[in-house]
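Dear colleague,

Please find below the structure that I am handing over to you. My findings follow it, and I would be grateful if you read them with the structure open.

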Amino acid sequence: MLVKTYGAAVQGIEATIITVEVNISSGIKFFMVGLPDVAIKESHERILSAFSNKGYKFPRKQVIINMSPADIRKAGSAYDLPIAMGILAASEEIKSDKLKDYAIMGELSLDGSVVPIKGVLPIAIKVKEAGFKGLIIPSENVCEAAVVQGLDVLGVSDLCEITEFLNGNLDIKPTVLSPFSSDTNLADDNIPDFAEVKGQESVKRAIEVAAAGGHNIIMIGSPGAGKSMLAKRIPSILPPLTLEEALETTKIHSVVGNIDKYTSLLKHRPFRSPHHSISDTALVGGGSYPQPGEISLAHNGVLYLDELPEFKRSALEVLRQPLEDRKITVSRVNCTVEYPASFMLVASMNPCPCGYYGHPHKECTCTPNQVKNYMNKVSGPLLDRIDIQIEVSPLEFKAISDNKAAESSATIRERVIKAREIQKQRFQSEDNVYCNAQMTTKLLRKFAKLDEGCLKLMQTAMDRLNLSARAYDRILKVSRTIADLDGSEQIKPKHIAEAITYRNLDREKYFV
């Protein structure tokens with residue numbers, strides 16, 4: 001008897017419907033075809049044990065399982081459940097009437113219990129698009145899949161539950177979640193607040209500008225100046241995720257299994273801070289069968305690289321293209337996948353190997369050549385892609401001991417959201433452009449026009465700092481954001497002047 005069940009294969013962050021065909025006929029062999037990996041081939045032993053422990057009989061006949069389309073790679077143990085249901089239906093131990101209405105995914109334990117799987121959200125989205133009535137998955141994954149409206153998401157905890165449901169002896173109610181709200185409350189004890197940061201007003205201003213326009217930023221300062229402290233507070237002033245952003249971000253984290261059973265959609269923007277020993281593949285994504293890297297896990301959020309010169313040169317250089325394209329394409333012999341990588345890069349570094357070059361009180365022990373070589377660990381093309389470069393000076397005792405309350409993240413965030421709303425209206429007719437940092441050269445000519453006074457100021461800066469054409473565009477983007485924060489439609493010389501001050505690494509101080 002031939003029976004078909006349905007599942008899905010995840011490639012990148014998209015899914016493809018897979019038809020599991022099970023045919024039982026006379027004979028004694030077991031065949032599995034359709035490009036399954038080792039984990040799927042091992043499902044025979046898991047299913048055999050699960051059947052035995054739950055009182056079902058594995059057919060003593062020839063069993064042929066085909067996973068179609070046969071040219072798409074299938075990986076992982078999530079196909080245990082659709083294969084098991086196909087075998088039971090083909091051997092007439094359960095009814096097969098409902099199988100055409102539901103996609104089924106789940107891993108079986110040897111005792112017959114169903115354990116959670118990865119990539120449930122992209123699977124649920126594809127199942128809904130394919131016109132299925134519902135999706136049957138492990139109970140721990142139902143919150144993640146239930147965000148897809150118009151799809152019956154049924155959670156099962158063991159083999160008996162799903163068989164009883166298919167036989168019509170058990171009614172499983174679909175999981176229903178409340179609609180997504182973008183009014184995310186960031187007053188969370190786990191999110192650090194800028195109110196805790198003493199002094200550093202100029203750096204806070206630079207961070208506010210970066211958050212308002214989605215600009216990349218690097219902070220240069222001595223050890224203990226507060227670079228990491230400031231960076232960790234950036235998510236608290238970013239606008240809340242929209243529904244589209246939350247879905248796309250959650251899909252990426254779902255693929256790598258970062259979603260727990262109580263989470264439906266990610267409500268806060270990601271903050272990823274990999275160690276400087278990270279490999280190129282772990283940073284940008286890849287592997288024999290490509291998985292998302294840190295830059296994709298930081299999508300719609302912040303990627304923080306502390307001690308930037310300590311990262312491998314090769315790892316930093318592979319960031320150059322994603323910073324421009326806001327996506328990463330990973331090509332392998334087996335497949336080619338594309339992951340989104342629209343993140344805000346935040347980096348920090350010391351000014352020299354000992355960390356005290358330019359310190360007001362401590363003497364630097366590095367030679368000029370050592371300082372230059374240290375700074376040259378970060379290539380010019382990468383620095384050109386960082387819009388804001390700001391110095392973080394060590395605080396004086398007076399500033400540290402001051403009990404005056406600093407401006408809170410909530411106050412700064414209000415200004416950032418207002419500036420982002422202006423940009424949203426500005427780019428509403430543009431594709432894939434949501435903030436000033438994403439403007440192309442064409443959009444810069446349209447939305448960042450300079451009057452004569454601004455042009456003269458820019459020419460002086462270009463001549464004195466020997467800026468590249470890309471740095472010129474960066475200054476225009478930052479000045480456009482500063483004007484948005486100021487509520488000004490036209491970019492003024494004061495906005496250009498402030499943007500120029502955020503190009504600290506273009507100055508000769510660091511290249512003696």
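A nonpolar core is a set of buried Ala, Val, Leu, Ile, Met, Phe, Trp, Tyr and Cys residues joined through side-chain atoms within 4.5 Å. Please note that this is a predicted model.

The largest nonpolar core has 65 residues. The members that touch the most other members of this core are Phe51, Ile83, Met85, Ile87, Leu135, Leu159 and Ile162. Helix α3 gives the most to this core, contributing 8 residues. A second, separate core holds 51 residues, including Val203, Ala210, Phe447 and Tyr502. As general background, nonpolar side chains in soluble globular proteins tend to be buried together.

Leu159 deserves a separate entry. When its neighbours within four places in sequence are left aside, Leu159 is in contact with Ala50, Phe51, Lys54, Tyr56, Leu81, Met85, Leu108, Gly112 and Val114.

I turn next to the packing of two helices. Helix α3 spans residues 80-90 and helix α6 spans residues 159-166. Their axes lie 12 Å apart and the helices pack at an angle of about 50°, which makes α3 oblique to α6. The crossing of α3 with α6 is right-handed. On the α3 side, Leu81, Met85 and Leu88 take part in the contact; they meet Leu159, Ile162, Thr163 and Leu166 of α6. By class, the residues of this contact comprise 6 nonpolar, 1 polar and no charged.

Finally, several points of backbone geometry may be of interest to you. Ser68 and Pro69 are joined by a cis peptide bond, with omega at about 5°. Pro69 lies in the loop between β4 (62-68) and α3.

Two residues other than glycine have a positive phi, as follows:

- Gln200 is not a glycine, yet its phi is positive, at about 55°. Gln200 sits in the loop between α6 and α7 (201-213). With a relative accessible area of 10%, Gln200 is buried, because buried means under 20%.
- Glu307, also a residue other than glycine, has a positive phi near 55°. The loop between β14 (302-305) and α12 (313-317) contains Glu307. Glu307 has a relative accessibility of 22% and therefore counts as partly exposed.

Yours sincerely,

A colleague

Key:
Residues are numbered from 1 along each chain as its sequence is written. This is a predicted model: local features need pLDDT of at least 70, side-chain atom pairs count only at pLDDT 80 or more; totals for chains, interfaces and linings use all residues. Side-chain values use heavy atoms; hydrogens and water are left out. Axes are lines fitted to C-alpha atoms, for helices over the stretch in contact, and angles run from 0 to 180 degrees between N-to-C directions. Helices (H or I, at least four residues) and strands (E, at least two) are DSSP runs, numbered from the N terminus. Angles under 35 degrees count as roughly parallel, over 145 as roughly antiparallel, 65 to 115 as roughly perpendicular and the rest as oblique. A crossing is left-handed if the near helix is turned anticlockwise from the far one by less than a right angle, and right-handed if clockwise. Contact means heavy atoms within 4.5 Å. Ala, Val, Leu, Ile, Met, Phe, Trp, Tyr, Cys and Pro count as nonpolar, Asp, Glu, Lys and Arg as charged, and the others, Gly among them, as polar. Buried means under 20% relative accessible area, exposed over 50%, partly exposed in between (1.4 Å probe, protein chains only).
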